[in-house]
Amino acid sequence: MKGLPSFKHGVHPPENKEITSGFASKRFPFPAEVILPLSQHIGTPAKALVHPGDHVERGDVIAQAEGFISSTVHATASGTVKSIELWPHPNGGMAPSIRIDVDPNSSQMRRQRMVPRWQDVKEEDLSKEIARAGIVGLGGAAFPSHVKLCPPKDQPVEVLLINGCECEPYLTSDHRVMLEMPEMVYEGIRIALKALGISRCVIGIEANKPDAIEMMRKTKPDDLDVTIQPLTVKYPQGAEKMLIKAVMGKEVPSGSLPSAVGAMVQNVATAANVAAVFETGHPLIERIITITGRGIKNPGNWKIPFGTKLRDVIEHCGGLTEDAAEIIFGGPMMGLGQANLDVPILKATGGILILSKDECKRQDIMPCIRCGKCLEACPVFLNPQLMGQLAKAERYEELVEAAHLNDCMLCGSCSFVCPSNIPLSQYFAMSKTQLRRLPTS
Amino acid sequence: MTETNIKITASPHVRSADSTVKIMWSVVISLVPVIGCSIFYFGPSAILVLLAAVAGCLLTERLFGSNPGSVSDGSAMITGLLLGLCLPPGFPLWMAFLGGFFGMAFGKIIFGGLGQNIFNPALVGRAFLQAAFPVAITTWPAKSANWWSLQGDNLALPFMSPVVDTATAATPLGNLKFGDDPVVTPLMDLFFGSTGGSLGETSALFILLGGLYLAYKGHLNWHIPLSIFVSTFVISGLFYALGISQFPPLFMLFSGGMMLGAFYMATDMVTSPITNKGCWLFGFGIGFLVVIIRIWGGLPEGVMYAILLMNALVPFINRATQPRLFGTSGKKKEAKS
């Protein structure tokens with residue numbers, strides 16, 4: 001594993017991927033009700049097109065994207081729209097959501113539709129098709145994919161990077177995508193390359209998934225200019241800037257997008273779903289999701305329709321164990337703790353992690369002993385020790401200007417290594433929230 | 001389904017197994033061979049002096065520390081042991097106790113306790129003792145034939161003149177600097193510890209082992225001892241080669257408080273720089289000062305003052321060695337419109 005490219009700093013949390021990496025994904029039964037928030041992505045929430053009482057088929061558009069940075073929402077199961085109301089959202093608080101009573105007698109066959117061959121679609125129209133299918137980045141941020149495929153004109157993209165790192169511990173959904181549908185990933189790559197008008201692609205995969213690396217190598221089409229690059233196992237290898245550094249050796253300038261160094265990063269699951277749009281005409285309505293952790297009785301990988309409630313997922317996976325302590329959407333490093341079992345699964349939910357008491361022991365916060373471990377962990381070379389002091393003292397202006405809070409991506413590495421258990425990353429998340437609330441002068 | 005035991009916390013939800021308390025206690029454990037070695041060479045006196053220094057530190061932390069539990073975090077224990085290890089074996093116990101009290105109270109607690117102090121508390125205690133009892137702290141009793149007999153003046157009463165007239169022996173550094181018949185102590189003696197000196201100063205081997213163990217565990221920043229050794233070796237080697245100093249470079253490294261200072265005192269996380277770059281500078285400064293003090297200073301040993309002086313510079317070193325932000329050239333003023 002030595003000698004593989006990587007980035008500087010970073011941390012090595014216990015991987016715990018063996019819990020689910022061997023489980024081939026299975027189809028999840030349709031729940032009695034799906035809840036589809038109008039905002040499952042970064043950007044403007046979509047605008048609802050349906051009304052209570054309307055019948056919808058699986059795959060129908062139920063909410064239209066509003067503006068460019070927004071994403072369309074589709075019905076993930078056939079049934080009747082029950083209501084459009086405020087519903088608990090995984091990001092916290094309530095959000096307007098479309099509730100659909102799933103028709104128990106429906107075959108859940110998707111409506112047949114005309115699919116254009118992507119080869120025949122013009123470059124600039126590909127991103128429109130992708131937008132129509134409601135595709136967002138499935139790596140976690142849920143940024144609308146069609147926006148990424150239209151980079152600024154003055155910063156042409158030269159390389160497409162496909163992110164198969166899956167550096168979050170526990171999660172194995174991207175791993176399963178590479179094992180189960182490599183052809184779809186390659187098809188997605190072809191489409192993205194055509195939309196960007198380039199030919200070069202690199203797939204970055206952490207070396208802890210040798211079977212996925214092998215599978216991607218075996219299925220690689222000869223006519224594609226694709227390199228499969230094994231990478232050092234280190235968190236946060238899958239962060240855009242870290243992946244670009246590892247693969248291209250370039251640092252994305254502070255405050256810039258990857259296109260500044262001629263790169264575009266797309267998650268493997270996103271690529272596979274882009275392919276599905278043209279293969280079957282079906283929009284983004286389900287994905288492989290890892291249900292894992294030592295707090296759930298039957299962990300595994302499932303193809304789950306979006307909008308399925310957390311409660312239904314847990315029930316179907318055998319329920320919580322006696323010592324379940326935390327329920328998290330996403331991985332243990334950046335995932336969001338859930339307070340309500342009625343929250344629905346979103347497009348960006350790559351995993352549901354249920355930690356047992358032993359896996360997330362809390363320890364007392366001790367004074368900082370200036371050991372410098374946080375500086376050695378920070379992948380973007382910040383000084384979390386100083387930032388922590390500034391955040392605690394609520395000196396937000398200095399935090400942004402002198403300590404570069406805006407470059408912090410909240411990866412959690414500093415909090416992970418801190419021997420005094422100082423909630424550094426948590427302070428920074430809170431500071432960012434506070435700063436958004438401040439009036440901009 | 002029971003939902004009552006579920007907690008909601010902010011990410012990250014997992015933590016590394018390291019903890020400050022664990023780091024502190026593993027430092028204590030790594031000192032065990034050094035302590036054992038000093039007991040082997042100096043007999044019960046070593047135990048008594050160490051106990052007195054540790055008692056002074058623990059009691060002070062318990063009485064004046066920020067919270068009643070702070071004694072168990074191990075940091076006061078380290079201060080006590082390190083202070084004890086840099087005292088002569090025949091040191092009066094009440095002075096060792098007082099040194100522990102002073103080091104903790106004025107070296108650490110007065111600044112706000114763990115993590116807040118500027119100077120290494122053990123060295124503050126040692127410096128205080130050096131100033132207050134200059135004779136006692138430089139009296140190195142000659143080895144007694146009987147392992148069981150106490151060395152020097154351990155049981156002296158407070159503020160009384162010494163009761164025992166002890167035969168004294170010079171330390172390797174003192175001998176070479178002030179002795180009538182200066183000789184360079186053989187390296188092997190320095191390495192295995194069969195020389196005179198403070199309790200923990202005599203065996204380079206065990207300190208080296210303890211330090212390597214801590215460095216391996218990641219509880220010690222190896223940049224600091226390495227840069228101290230390199231700078232001491234290079235600078236003293238230069239002076240030796242030019243005929244300015246009588247100290248051979250290897251002798252410099254293995255004599256006096258060098259090993260203990262480089263591995264255990266200078267690496268105190270609280271009082272050393274936070275960046276690796278800063279640690280290089282810090283270690284270089286210590287090595288430089290040690291050589292200067294040893295060659296030209298009025299004292300035979302300079303490690304203590306070298307570290308304390310560099311401790312004072314740490315905030316400035318930190319300011320000067322901030323990491324370069326990812327995706328920038330590292331220049332202070334960036335062109336941000």
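Among contacts in chain B between residues at least 6 apart in sequence, what share join residues at least 24 apart? The figure is 74%, where two residues are in contact if their C-beta atoms, placed from the backbone, lie within 7 Å.

Before you click on, some housekeeping. This is a predicted model, in which local features need pLDDT of at least 70 and side-chain atom pairs count only at pLDDT 80 or more, while totals for chains, interfaces and linings use all residues. Residues are numbered from 1 along each chain as its sequence is written, and chains are lettered from A and ligands numbered from 1 in the order in which they are written.

**Stop 1: chain B**

Select chain B and switch to cartoon. You'll see 13 helices and zero strands; here helices (H or I, at least four residues) and strands (E, at least two) are DSSP runs, numbered from the N terminus. Of the 337 residues in chain B, 52% are buried. A residue is buried if 20 or more other C-beta atoms lie within 10 Å of its own, exposed if 12 or fewer, and partly exposed in between, with C-beta atoms placed from the backbone.

Now pick out α3 (residues 75–85) and α5 (residues 121–132) of chain B. Their axes are 8 Å apart and the packing angle is about 40°. Axes are lines fitted to C-alpha atoms, for helices over the stretch in contact, and angles run from 0 to 180 degrees between N-to-C directions. α3(B) and α5(B) are therefore oblique to each other: angles under 35 degrees count as roughly parallel, over 145 as roughly antiparallel, 65 to 115 as roughly perpendicular and the rest as oblique. The crossing of α3(B) and α5(B) is right-handed. A crossing is left-handed if the near helix is turned anticlockwise from the far one by less than a right angle, and right-handed if clockwise.

Show side chains for Thr79(B), Leu82(B) and Leu83(B) on α3(B), then for Pro121(B), Ala122(B), Gly125(B) and Arg126(B) on α5(B); these make the contact. By class, that contact has four nonpolar, two polar and one charged residues. Ala, Val, Leu, Ile, Met, Phe, Trp, Tyr, Cys and Pro count as nonpolar, Asp, Glu, Lys and Arg as charged, and the others, Gly among them, as polar.

**Stop 2: where the chains meet**

Bring chain A back. The contact takes in 51 residues of chain A and 34 residues of chain B. On the chain A side, β15 (324–329), β16 (336–337), α12 (413–417) and α13 (424–437) each supply at least two residues. Which of these gives the most? Colour β15(A), with five residues. The chain A side divides into 30 nonpolar, 15 polar and six charged residues.

**Stop 3: α10 of chain A**

Stay in chain A and select α10 (residues 384–392). Its axis and that of α13(A) come within 9 Å and cross at roughly 50°, which makes α10(A) oblique to α13(A). The crossing of α10(A) and α13(A) is left-handed. From α10(A), Pro384(A), Met387(A), Gly388(A), Ala391(A) and Lys392(A) meet Leu424(A), Tyr427(A), Phe428(A) and Ser431(A) of α13(A). The residues of this contact divide into six nonpolar, two polar and one charged.

The buried residues of α10(A) are Pro384(A), Gln385(A), Met387(A), Gly388(A), Leu390(A) and Ala391(A). They pack against α9 (373–377), α11 (396–401), α12 and α13 of chain A. Just after α10(A), look for Glu394(A), with a positive phi of about 60°.

**Stop 4: domains of chain A**

Colour chain A by domain: domain 1 (33–103 + 285–359), domain 2 (117–280) and domain 3 (373–437), with bounds from an automatic or database domain assignment. The centres of domain 2 and domain 3 of chain A, taken over C-alpha atoms, are 29 Å apart. Six residues from each of domain 2 and domain 3 of chain A take part in their contact.

**Last stop: Val121(A)**

Finish in the loop between β8 (94–102) and α1 (123–132) of chain A, where Val121(A) sits. Is Val121(A) buried or partly exposed? Val121(A) counts as partly exposed because 17 C-beta neighbours lie inside 10 Å. Leaving aside neighbours within four places in sequence, Val121(A) is in contact with Pro116(A), Leu126(A) and Glu129(A).
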